[in-house]
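Hello,

Here is the structure I promised to pass on to you. Please have a look at it first, and then read my notes below.

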Amino acid sequence: MRPDLRHVSLPPRTLPGALPDSLEVFAIGDIHGQADLLAGCLEVIARTPRALGTERLVVFLWDIIDRGPDSLRAIDLAMDAAHVANADQSVLLPGNHELALLEAIDHDPETWLANGGKTVMREIDPQWDRTPWRHARELLRTAIPRRYVVAIETAPSHLRIGDLLFVHAGLAPCTPDDIHLARNCPVDDDTHWAWIRNEFLTWQGGWDVDPETGQRWIGPTVVVHGHTPAVRTSLAETTDELPQMDGVEDYRAICLDAGAAYRPQLGWARFFREGEKSVGRIGVVFVGWSG
């Protein structure tokens, strides 16, 4: 038996808002060291025809590292994604695992190691835990590409393209976006843009804001995020949970975390113009088996 990369997707869906003309966006969800899947995803993007004069952008919702088998190769692929995917540009949006990695490199490794960092350390050196952390930290600093660290340090917290807002974990319904999405807001808050879960995931009041009242309303904005898996079953066995990645109607959200932290399946989406409509298509690359 050998593993095969397979692809499954939901039907294209019309978005409630608009995208700029002559732009297509590919967004890639949490990767967690699944380098083979990322390579497969970038190949699918590269093979996707694009209209003449259309700009292609790849947006990473990050969590490139931790828990999976090949974080170092996943880093290299992500950093070279624009070239590999035949895109004009890639944008990297930090995840909580990237922020925890920075803390481990500079200060305290506890949060990072407790959330999957040990798999990266074993990849770097299977004997890493037999030395004091000050020595293990030097192994980490040597193994992690400097350009990746700089990318984490300089990346924005989010990206808005037309009526799509890309961010790793989500928005805080009761906090103004300019405050919640501040790049250097304290990470020790579980409502942080790279960590938030329940408050964001259960909100059904929309993400647009009335300029007079400051209240949110259900408008055209859709938040594209990762962090919390929408798919918790093996797609090699069933695709029943795949529609849960599309929460546009109920939550004005699309979740591209297909559970890569737990099994080999990577979520992504393509957003593009089709005539007067803006369209999104959600897909997953996953590992199946064949004889």
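A salt bridge here is a side-chain nitrogen of Lys or Arg within 4 Å of a carboxyl oxygen of Asp or Glu. Please keep in mind that this is a predicted model.

With that definition, the structure holds 13 salt bridges. One of them joins the side chains of Arg 13 and Glu 249, with 3.0 Å from N to O. Arg 13 belongs to strand 2 (residues 13–14) and Glu 249 to helix 10 (residues 248–251), so this pair ties together parts that are 236 residues apart in sequence. Arg 13 is buried, with a relative accessible area of 15%, whereas Glu 249 is exposed at 57%. Asp 246 joins in too: Arg 13, Asp 246 and Glu 249 are linked in a network of salt bridges.

Two further pairs may interest you. In the salt bridge between Arg 56 and Glu 24, the closest N and O atoms are 2.4 Å apart. Arg 56 lies in strand 4 and Glu 24 in strand 3 (residues 23–28), so parts 32 residues apart in sequence are tied together. Both Arg 56 and Glu 24 are buried. In the salt bridge between Arg 147 and Asp 80, the closest N and O atoms are 3.0 Å apart. Here helix 7 (residues 146–154), which holds Arg 147, is tied to the loop between helix 2 (71–79) and helix 3 (81–84), where Asp 80 lies. Arg 147 is partly exposed at 40% relative accessibility, and Asp 80 is partly exposed at 34%.

Next, the strands. Strand 6 (residues 158–161) and strand 7 run antiparallel and are joined by four bridges. They form a hairpin with two residues between them, and Gly 162 in the turn has a positive phi of about 55°. Across this pairing, Ile 161 stands opposite Leu 164. Strand 7 also pairs with strand 10 (residues 222–225), in the parallel sense and over three bridges; there Leu 165 stands opposite Val 223.

Which way do the side chains of strand 7 point? Leu 164 and Phe 166 point one way, Leu 165 and Val 167 point the other way, and all are buried. In a regular strand, side chains alternate between the two faces of the sheet.

Finally, the surface. Glu 103, Asp 106, Asp 108 and Glu 110 gather there in a patch of negative charge. Asp 106 is part of helix 4 (residues 96–106) and is partly exposed, with a relative accessible area of 43%.

Terms used:
Residues are numbered from 1 along each chain as its sequence is written. This is a predicted model: local features need pLDDT of at least 70, side-chain atom pairs count only at pLDDT 80 or more; totals for chains, interfaces and linings use all residues. Side-chain values use heavy atoms; hydrogens and water are left out. Buried means under 20% relative accessible area, exposed over 50%, partly exposed in between (1.4 Å probe, protein chains only). Two strands pair if DSSP finds at least two bridges between them. Patches are made of residues with over 30% relative accessible area and no salt bridge: like charges are joined within 9 Å, nonpolar side chains (Val, Leu, Ile, Met, Phe, Trp, Tyr) within 5 Å. Accessible areas come from the Shrake-Rupley method with a 1.4 Å probe; for residues, only the protein chains shown count as cover. Lys and Arg count as positive and Asp and Glu as negative; His and the chain ends are not counted. The place of a charge is taken as NZ of Lys, CZ of Arg, CG of Asp or CD of Glu.
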